[in-house]
Amino acid sequence: MRKIVLTFGLIAGAILVSVMMLITIPFHDEIGFDMGLIVGYTAMVLAFLMIYFGVRSYRDNVAGGQVSFGQAFKVGALIMLIATVCYVATWEVYYFQFAPDFVDKWAAHTIGQARAAGATDAELAAKAQEMAQFKTMYDNPLINIAYTTLEPLPVGLLFTLLTAWGLSRKRKGEGTPATQSA
């Protein structure tokens with residue numbers, strides 16, 4: 001199980017990190033924050049497809065063709081965990097070493113959106129204060145890690161649950177010897 005989890009987790013991490021984060025972040029100013037979200041979550045979906053392939057490989061090559069929901073969930077969750085750790089570690093290095101102004105740019109974008117939506121000066125000032133507080137909080141590495149972990153977690157958890165359900169359920173004709181011989 002360890003080899004499968006490491007292999008598929010690292011492949012998912014490489015897709016999530018190398019292919020999308022490290023390629024799209026340098027061009028973030030050109031693609032913008034809104035398109036960046038679309039690209040980022042698309043990368044997560046592509047990366048977390050490795051959960052399905054990893055659990056299927058485990059089921060077929062290690063578990064003898066059948067896997068329980070719990071075991072499939074465990075394998076999928078471990079793959080998701082490795083990919084998420086790759087993602088978080090890369091973001092931490094990138095943010096603190098190369099893009100410490102990321103939140104400032106995001107704040108400017110957010111305030112610009114509020115201004116375009118017709119926010120009053122008081123609302124814009126409140127939004128600016130909120131973003132300044134967020135930056136102070138986000139510059140704490142532990143809080144940064146927590147926020148960054150929460151980005152891929154829902155997508156990975158959904159893939160893990162669907163994969164565990166899909167690959168562990170019994171198919172017609174499986175189970176009793178009478179139905180297998182018919």
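Predicted model: local features only at pLDDT ≥ 70, side-chain atom pairs only at ≥ 80, totals over all residues.
Residues are numbered from 1 along each chain as its sequence is written, and side-chain values use heavy atoms, with hydrogens and water left out.

Select H28, L37, W91, F102 and E151, which of the 35 residues lining the largest pocket are the closest to its centre. The space in this pocket is about 860 Å³ (a pocket being an open set of points on a 1 Å grid over the protein atoms alone, where a 1.4 Å probe fits, with protein on both sides within 12 Å along at least five of seven lines, and lining residues having an atom within 4 Å of a point). Next colour the helices (DSSP runs of H or I, at least four residues, numbered from the N terminus): α1 (2–24), α2 (28–61), α3 (69–98), α4 (102–116) and α5 (121–138) each supply at least two lining residues, and α2 gives the most, with 12. By residue class the lining divides into 23 nonpolar, 7 polar and 5 charged.

**The nonpolar patch.** Now show the surface and select I23, F27, I31, M35 and I38, which make a nonpolar patch of about 460 Å² (residues with over 30% relative accessible area and no salt bridge, nonpolar side chains being joined within 5 Å). I31 lies in helix α2 and, at 30% relative accessibility, counts as partly exposed (buried means under 20%, exposed over 50%, and partly exposed in between, with a 1.4 Å probe and protein chains only).

**The salt bridges.** The structure holds 4 salt bridges (a side-chain nitrogen of Lys or Arg within 4 Å of a carboxyl oxygen of Asp or Glu). Select R59 and D60, whose closest N and O atoms are 2.8 Å apart; R59 is buried at 15% relative accessibility, whereas D60 is partly exposed at 40%. Move on to E130 and K127, which meet at 3.7 Å, N to O, and both lie in helix α5, 3 residues apart, about one turn of the helix. E130 is partly exposed at 45%, as is K127 at 24%. Finish at D139 and K135, with closest N and O atoms 3.3 Å apart, where D139 is partly exposed at 32% and K135 is buried at 17%.

Conventions:
Points joined across faces, edges and corners; volume = space filled by probe spheres on them. Nonpolar A, V, L, I, M, F, W, Y, C, P; charged D, E, K, R; others polar. Patch = residues over 30% accessible without salt bridge, like charges linked within 9 Å, V, L, I, M, F, W, Y side chains within 5 Å. Areas by Shrake-Rupley, 256 points an atom, 1.4 Å probe, with all protein chains shown as cover.
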